[in-house]
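Please open the model in your viewer and keep the selection panel at hand. The tour moves from one selection to the next and says what is to be found at each stop.

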Amino acid sequence: MNCFEIKDLNLHYGTFQALHHINMDIAAGEITAFIGPSGCGKSTLLKTLNRMNDLVEGCKITGSVTLYGEDIYAASDVNLLRKRVGMVFQRSNPFPMSIYDNIAFGPRTHGVKSRLELDRIVEESLRAAAIWDEVKDRLKKSALSLSGGQQQRMCIARALAVSPEVLLMDEPTSALDPISTEKIEELLLTVREKYSIIIVTHNMQQAARVSDKTAFFLTGEVVEHDSTETIFAMPHDQRTEDYITGRFG
């Protein structure tokens, strides 16, 4: 089963075309990595999957993107889409409030009012993000007091708190130290059974370690999309091999 099916997707920022005729099926229950040089379109495509590009003035999209068969650009409730498709950004972005309130923010927005239910969601989300034991005694403390790696895991917990079907991650470890990076990679491998995950990364080793499928992007096009094992061991396109081996450009 596919979580996303993308058909002939084109995206323009004004007169600049950032994505060209993207056709891609993204499997449910797997981790898919988007790789490629800076400016190749991978983050742009990621943001089309929960309509973050709606916020960019002059952005025009043609083609179709379906989430489990539903056209996301035909849907009128963008907030519901973003509940189904969570997002974790390159740099952690904790809200200036307590750890508890950061995690409870989404559920409250979607109508959860019971304190017992919020307590359950907060604990389960922090456990899922492998940070509960580190913060359980300071839930009322500011989220800004956490270390960078802890903040990023808390942001992952915040995304999980609304029970998304898909988790989008835009270079989630690029600003972190190796130990924090390892913790988040371990977390991804743990939650992959429950969520479909799409991760943008510049780290080839990371893509090889955590992903089931990999897509290589270049100048707004998908050059190659296959199992990660095939992409790294037997790429079909010379440009893919050049990028992976560091000979690109």
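Begin with E123 and R127, which both lie in helix 4, 4 residues apart, about one turn of the helix; helices (H or I, at least four residues) and strands (E, at least two) are DSSP runs, numbered from the N terminus. The two residues form a salt bridge in which the closest N and O atoms are 2.9 Å apart, the term meaning a side-chain nitrogen of Lys or Arg within 4 Å of a carboxyl oxygen of Asp or Glu. E123 counts as partly exposed at 29% relative accessibility, and R127 counts as partly exposed at 47%, where buried means under 20% relative accessible area, exposed over 50%, and partly exposed in between (1.4 Å probe, protein chains only).

Before going on, note that this is a predicted model, in which local features need pLDDT of at least 70 and side-chain atom pairs count only at pLDDT 80 or more, while totals for chains, interfaces and linings use all residues. Residues are numbered from 1 along each chain as its sequence is written, and side-chain values use heavy atoms, with hydrogens and water left out.

Stay in helix 4 (residues 115–128) and select E117 and R120, which are 3 residues apart and separated by about one helical turn. Their side chains meet in a salt bridge of 2.5 Å, N to O. An α-helix has 3.6 residues a turn, so residues three or four places apart point the same way.

Next, select R51 and D54, which form a salt bridge with the closest N and O atoms 2.8 Å apart; R51 is buried, with a relative accessible area of 12%, whereas D54 is partly exposed at 36%. A search of the whole structure finds 15 salt bridges.

Now move to helix 3 (residues 99–109), where the buried residues are I99, Y100, N102, I103, A104, G106 and P107. These buried residues pack against helix 4, helix 5 (132–135) and helix 6 (148–160), contact meaning heavy atoms within 4.5 Å. Following helix 3 is G111, whose phi is positive, near 100°.

Finish on helix 7: which of its residues are buried? They are S180, T181, I184, E185, L187, L188 and V191, and they cover an arc of only 155° around the axis, which puts them on the same side of helix 7; the arc is that of the directions from the helix axis to the C-beta atoms. The face turned away from this buried side carries the exposed residues P178, I179 and T190.
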